[in-house]
Structures are given as structure tokens and as C-alpha cells.
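This report describes a single chain, with attention to one helix and the surface beside it.

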Amino acid sequence: MMKEILAAAAGTFAFSVLFGVPGKYYPFCGIIGESGWFRDPMCIGQRIIL
């Protein structure tokens, strides 16, 4: 599950660069992306197994 969380943070970070978000917000964008991915399986009640 850790791989997916880090990939979500990296993907959200990359999209923030793509869409021209100011650089000071990059870490916050990454945090929002990883928290969304972490919360989603917990809300659904599923567990991701690699």
C-alpha cells in the first residue's frame, strides 16, 4: 500500500507542475494526493494487498 500512496503523491505533484501551480504549493499538492489515496480504501472497507 505504501507504493500506491507514494505514487499518488508523485502523480499529484506532477499534475501541479503541469497545470502551473506556484512552486510553494507543490508539497501541499503531494500531501493532498496521498491523503486522498490513503483514505479511499479505508472508506470503502477494502484492503489493498501487493
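## Overall composition

The model is predicted. The chain contains two helices and zero strands. Of its 50 residues, 18% are buried.

The accessible surface of the chain amounts to about 3,900 Å². Carbon and sulfur atoms account for 71% of that surface.

## Helix α1: extent and end

Helix α1 runs over residues 2-18, a total of 17 residues. From first C-alpha to last, α1 reaches 24 Å, close to the 24 Å expected at 1.5 Å a residue. After α1 comes G20, which has a positive phi near 75°.

Which residues of α1 are buried? They are E4, I5, A8, A9 and S16. These residues lie on the same side of α1 because they cover an arc of only 140° around the axis. An α-helix has 3.6 residues a turn, so residues three or four places apart point the same way.

The face of α1 turned away from this buried side carries the exposed residues K3, L6 and L18.

## Nonpolar surface patch

F15, L18 and F19 make up a nonpolar patch on the surface. Together they have about 390 Å² of accessible area.

Key:
Residues are numbered from 1 along each chain as its sequence is written. This is a predicted model: local features need pLDDT of at least 70, side-chain atom pairs count only at pLDDT 80 or more; totals for chains, interfaces and linings use all residues. Side-chain values use heavy atoms; hydrogens and water are left out. Helices (H or I, at least four residues) and strands (E, at least two) are DSSP runs, numbered from the N terminus. The expected span of a helix is 1.5 Å times one less than its number of residues. Buried means under 20% relative accessible area, exposed over 50%, partly exposed in between (1.4 Å probe, protein chains only). The arc is that of the directions from the helix axis to the C-beta atoms. Patches are made of residues with over 30% relative accessible area and no salt bridge: like charges are joined within 9 Å, nonpolar side chains (Val, Leu, Ile, Met, Phe, Trp, Tyr) within 5 Å. Accessible areas come from the Shrake-Rupley method with a 1.4 Å probe; for residues, only the protein chains shown count as cover. A salt bridge is a side-chain nitrogen of Lys or Arg within 4 Å of a carboxyl oxygen of Asp or Glu.
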